[in-house]
Amino acid sequence: MGSILGDNGVPLGFGMQLMQNKNAFMYFNSLPDERQRKIIDGARSCQSRDAMEKYVNGIAR
């Protein structure tokens, strides 16, 4: 994964869900750092595992 993940304290649930969704993972890694940061910031608002799973599943759509 890109340096954006190590530099900004990515929420653990986000990283775990991202690794389980190949399409979202590939899409996320193709984005510029600024867009990745916005997605990570959005992940911080997820309050449950289900919410995080839905959030990650929606990334590549």
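Start at Ile39, which sits in helix H4 (residues 33–43); helices here are DSSP runs of H or I with at least four residues, numbered from the N terminus. This is a predicted model, where local features need pLDDT of at least 70 and side-chain atom pairs pLDDT 80 or more, while totals for chains, interfaces and linings use all residues. Residues are numbered from 1 along each chain as its sequence is written, and side-chain values use heavy atoms, leaving out hydrogens and water.

Ile39 counts as buried because its relative accessibility is 4% (buried is under 20%, exposed over 50%, partly exposed in between, with a 1.4 Å probe and protein chains only). Leaving aside residues up to four places away in sequence, Ile39 touches Phe14, Phe28, Leu31, Tyr55 and Ile59, contact being heavy atoms within 4.5 Å. Phe14 is 25 residues away along the chain, with 9.8 Å between the two C-alpha atoms.

Phe14 also takes us to the meeting of H2 and H5. Gly13, Phe14, Gln17 and Leu18 in H2 meet Arg49, Met52, Glu53, Tyr55, Val56 and Ile59 in H5. Sort the residues of this contact and you get 6 nonpolar, 2 polar and 2 charged (Ala, Val, Leu, Ile, Met, Phe, Trp, Tyr, Cys and Pro count as nonpolar, Asp, Glu, Lys and Arg as charged, and the others, Gly among them, as polar).

Now for Asn21, in the loop between helix H2 (12–20) and helix H3 (22–30). Asn21 counts as buried too, at 15% relative accessibility. A polar atom of its side chain lies 2.9 Å from the backbone nitrogen of Ala24. Further along the sequence, Asn21 touches Val56 and Asn57.

Terms used: Helix = DSSP H or I, 4+ residues; strand = E, 2+ residues; numbered from the N terminus. Polar contact = N/O pair within 3.5 Å; in protein donor to acceptor, adjacent residues only side chain to side chain.
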